[in-house]
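Please read the following with the sequence and the model side by side. The text moves from helix packing to the core, then to a strand and some backbone details.

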Amino acid sequence: MGGTRTYEVRTYGCQMNVHDSERLAGLLEDAGYVRAPEGSDGEADVVVFNTCAVRENADNKLYGNLGHLAPKKAARPGMQIAVGGCLAQKDRDTIVKKAPWVDVVFGTHNIGKLPVLLERARVQEEAQVEIAESLEAFPSTLPTRRESAYAAWVSISVGCNNTCTFCIVPALRGKEKDRRPGDILAEIEALVAEGVSEITLLGQNVNAYGSDIGDREAFSKLLRACGRIDGLERVRFTSPHPRDFTDDVIAAMAETPNVMPQLHMPLQSGSDPVLKAMRRSYRQERFLGIIEKVRAAIPHAAISTDIIVGFPGETEEDFEQTLHVVREARFAQAFTFQYSKRPGTPAAEMDGQIPKKVVQDRYERLVALQEEISWEENKKQVGRTLELMVAEGEGRKDESTHRLSGRAPDNRLVHFTKPDQEVRPGDVVTVEITYAAPHHLLAEGAVLDVRRTRAGDAWEKRNAEKSAKPSQPAGVLLGLPKVGVPEPLPVAASGCGCD
């Protein structure tokens with residue numbers, strides 16, 4: 001094949017896609033490919049698009065990017081382009097019709113076939129389209145490229161049993177399929193042995209875990225079991241559904257010391273009629289009741305949410321109910337979306353589609369309110385002493401401000417004064433919060449304490465190996481999820497908006 005071939009994976013959409021891309025990278029490296037340098041911009045021998053089908057412009061974005069690569073591919077014999085993910089699952093043969101220079105199209109259920117499909121396309125010199133209708137193997141059994149050393153995604157289920165009228169994801173990822181608890185815990189223990197100190201349990205509807213194995217309390221039991229793993233300092237999870245969020249989960253969160261005081265609870269709308277039209281199976285009173293119980297059990301919990309503005313039929317009164325819930329719940333952060341019509345969903349055919357101008361106005365009012373609340377809630381952190389897990393690459397201005405950045409237990413981002421002694425990503429520092437902005441906190445005084453950790457040791461070891469082999473990209477190739485703090489996604493890309 002003319003020497004070592006390079007690859008690039010471009011990821012769009014939710015956390016599930018991010019996690020799948022880790023596996024795609026692991027599969028390619030296991031097959032002998034090497035990741036292309038950062039900023040190669042389509043110069044790799046294989047470019048893989050891991051697509052999302054949730055937002056309205058997903059199709060245009062994909063075909064625009066494919067069009068950009070067409071002349072590069074024409075000028076470079078042997079270059080290959082692959083398209084996977086939710087949009088590939090949905091559009092199937094349409095992709096190669098619109099972009100005949102694409103070599104491989106694969107779905108959400110058969111990502112493990114990518115290296116084979118690439119080789120088959122090369123040998124047969126024709127596009128390979130293979131879309132499995134059901135999951136062939138649980139993704140965690142596949143090789144995965146880890147890029148950091150202190151925090152990891154751990155998938156506990158795939159698929160979703162909900163039928164939200166605005167969401168196409170269940171049709172593309174299938175019904176929920178749960179992993180066995182023993183397999184999950186064994187994976188976490190292996191990660192901790194590698195130096196990981198924080199894990200995030202991941203699922204399309206994470207707290208429905210157990211429905212596939214017949215145990216309604218399986219998720220709370222899993223949280224408690226994580227609390228018994230020696231060396232695991234922080235446990236998070238995303239994203240739950242209000243319908244399945246039960247008191248035993250709240251109790252497990254409150255009583256398990258390494259389960260962090262953070263909760264992402266998707267609201268979508270505060271209006272009961274809109275929630276009914278969305279087929280969300282809970283109402284405003286139920287949602288606010290959950291928030292009240294969580295706050296009673298975990299007073300310092302930071303709660304975030306997803307909200308859709310402009311769902312078909314939403315009246316001004318409906319929107320005011322959403323604002324009411326936002327005021328009552330006092331979210332630390334909200335990922336806000338303007339309703340996006342998706343072909344194939346019931347909502348796309350509903351009467352009462354809202355004019356863009358009205359949706360934009362409501363969206364701006366919601367964002368303004370949430371910004372005000374986020375800032376007020378952050379100001380309450382001033383004067384508190386917090387333990388931060390030092391992060392890598394999360395403070396874009398750290399170099400110019402001579403600061404470092406870390407995550408508080410509730411996942412708030414804190415920029416702190418760089419201490420005289422060495423501090424590594426994965427280490428833990430104790431600081432006092434001195435200033436609050438809407439989206440971050442500052443600790444401008446001296447660091448009160450530095451605790452060197454096994455996670456910091458793992459980061460240092462990884463960087464030493466990188467320095468010894470500068471031609472190789474950083475990372476560890478194992479049959480485990482990528483390690484790297486899952487950064488809060490930007491507003492346009494948070495979750496699927498379907499949790």
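This is a predicted model: local features need pLDDT of at least 70, side-chain atom pairs count only at pLDDT 80 or more; totals for chains, interfaces and linings use all residues.

In helix 11, Q284, F287, L288, I291 and R295 meet Q321, H324, V325, E328 and A329 of helix 12, a contact being heavy atoms within 4.5 Å. Helices (H or I, at least four residues) and strands (E, at least two) are DSSP runs, numbered from the N terminus.

Residues are numbered from 1 along each chain as its sequence is written, and side-chain values use heavy atoms, with hydrogens and water left out.

The largest nonpolar core has 93 residues, and I188, L201, L223 and F245 have the most contacts inside it. Helix 8 (residues 218-226) gives the most to this core, with 6 residues. A second, separate core of 17 residues includes Y7, Y33, A82 and L117. Such a core is a set of buried Ala, Val, Leu, Ile, Met, Phe, Trp, Tyr and Cys residues joined through side-chain atoms within 4.5 Å; buried means under 20% relative accessible area, exposed over 50%, and partly exposed in between (1.4 Å probe, protein chains only).

L117 is also one of the buried residues of helix 5 (residues 114-124), with L114, P115, L118 and A121. These buried residues fall within an arc of 165 degrees seen down the helix axis, so they line one face of helix 5. The arc is that of the directions from the helix axis to the C-beta atoms.

Strand 8 (residues 151-155) has 5 of its 5 residues buried, so it is largely enclosed by the rest of the structure. A151, W153 and S155 lie on one side and A152 and V154 on the other. Strand 8 pairs with strand 11 (residues 198-202) in the parallel sense over 5 bridges, where pairing requires at least two DSSP bridges. W153 has T200 as its bridge partner in strand 11.

Q268 has a positive phi, near 75 degrees, and at 0% relative accessibility counts as buried.
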